[in-house]
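Reader: I would like a close look at one part of this model, with what surrounds it. Please keep to what can be computed from the atoms.

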Amino acid sequence: MADQSTLLPPVAAPGRSASLDARFRRTFGPLGRRLQGASYSPAVRLIAAIGSWLVVAEAITLAGGAAAGVFAHAIMLLLLLALSLRLGPGSMQRLTLSVAVLPLVRVLSLALPAAIVPIVYWYLEIGLAGIEGILLVMRRLNLSPADVGLRRTSIAEIATVGALGAILGLPAYLIGGRVDLGHGGGLVGLAIASAVVVVFVGFFEELLFRGLIQSAGTVLFSRGGVLLSVGATVLMYSASLNPRYIIFVALVATFFGIVARRSGSIVAPVAGHAALALVQLVVLPLVAP
Amino acid sequence: MTSTVSRFVIDTLPQTPGQALAAAPAGILVFLLLLVLVARLLVGVADVPRGRDAVRTLDVVAVPLFIALAFILSTRVLEILPLG
């Protein structure tokens, strides 16, 4: 598996085989048979269905508050787990299980925050549990680190994308506004905040969106994998309710997605995302409060 | 990603230990964890095809939620300790 990255274009044609069609019909029953008349592949119909469910869950969160959101995303999570078991081994199962991390992360990010804990530790708590979820998805699907883009790439690319990420931190700060991480003053507080942001924002989010979801999407949709990861990123950032910030996030996610697809590695996007988050959340609030 | 949600929930966070104990989001999370653990136990002892796959699939949710439960409990202790 290590010699062929799933972030790179797939060798086989995306999921349009008769077996996938049959599996889709079995899984979705009458709805599947009715959709069979449409010209879309089972994989496209699957991701359209999952995407619309996730949008509904996110809308419930925004309209009903944290409790309703946790409930909606918990149901979504159980549905995706059941669907992944029903689909059986294959690329559609990989996609379903990879996308299941999204409602899991949303449940965590709605239930874990507490007023007594500084915001910087919210990132740590959510990120730790989220990374554990990603590792367990990798174990379940027998994915190696290389399969999710954890492979070497050129230093020049890492430095370039990292520098661009740092520059993009300024518009992110201006558009998204200031977030007080509550890490306190002093070098120790700054070092802890920097480490948490680099690992649990930069690494965690790129491993989820580009490493897990985009690689699963690339197996099924080829270039559509980038679109899938951008859609997932936008969905998870939509709670900001700031259209300019959401457009900015979509553009940055597209850039990182293209970089990951071209190189077959998520190391450069991790560097870019970590630099962006570090500038946006730690450096600029310090120098330009 | 977390900052977008933090802005959303920050105004509705429980402010006292009593409110925190009664908070619905953490309660739903614990209920979900119990549901998944029970399902995992049942699948583990049942003689079903692909039972091992099902257990590993449920682990994807069970372990992160267990970590979350540990954080929730430690936070509740942090909130209650000053009262003692």
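What percentage of the 84 residues of chain B count as buried?

Author: The model is a predicted one. Of the 84 residues of chain B, 36% count as buried. Chain B has four helices and zero strands, and along the sequence these give the pattern α-α-α-α. The radius of gyration of chain B is 17 Å, well over the 12 Å that the globule rule gives for 84 residues, so chain B is more spread out than a compact globule. Its C-alpha trace spans about 50 × 35 × 15 Å along the principal axes. As for contacts in chain B between residues at least 6 apart in sequence, 61% of them join residues at least 24 apart.

Next comes the contact with the other chain. It takes 36 residues from chain B and 44 residues from chain A. On the side of chain A that touches chain B, at least two residues each come from helix 3 (66-87), helix 5, helix 6 (119-140) and helix 9 (224-237). Helix 6 of chain A gives the most to that side, with 14 residues. Sorted by class, the side of chain A that touches chain B has 33 nonpolar, six polar and five charged residues.

Among the buried residues are A:Val101, A:Leu102, A:Pro103 and A:Leu104. The buried residues of helix 5 also include A:Arg106 and A:Ser109.

Two loop residues of chain A are worth a look for their backbone angles. Most residues other than glycine have a negative phi. A:Ser222 has a positive phi of about 55 degrees although it is not a glycine, and it sits in the loop between helix 8 (186-221) and helix 9 of chain A. A:Ser222 has 16 C-beta neighbours inside 10 Å and therefore counts as partly exposed. A:Leu241, also not a glycine, has a positive phi of about 55 degrees. The place of A:Leu241 is the loop between helix 9 and helix 10 (243-263) of chain A. With 11 other C-beta atoms within 10 Å, A:Leu241 is exposed, because a residue with 12 or fewer such neighbours counts as exposed.

Definitions and conventions:
Residues numbered from 1 in each chain as written. Chains lettered and ligands numbered in written order. Predicted model: local features only at pLDDT ≥ 70, side-chain atom pairs only at ≥ 80, totals over all residues. Buried ≥ 20, exposed ≤ 12 C-beta atoms within 10 Å, placed from the backbone. Contact = placed C-beta atoms within 7 Å. Nonpolar A, V, L, I, M, F, W, Y, C, P; charged D, E, K, R; others polar. Rg over C-alpha atoms; globule rule 2.2 N^0.38 Å.
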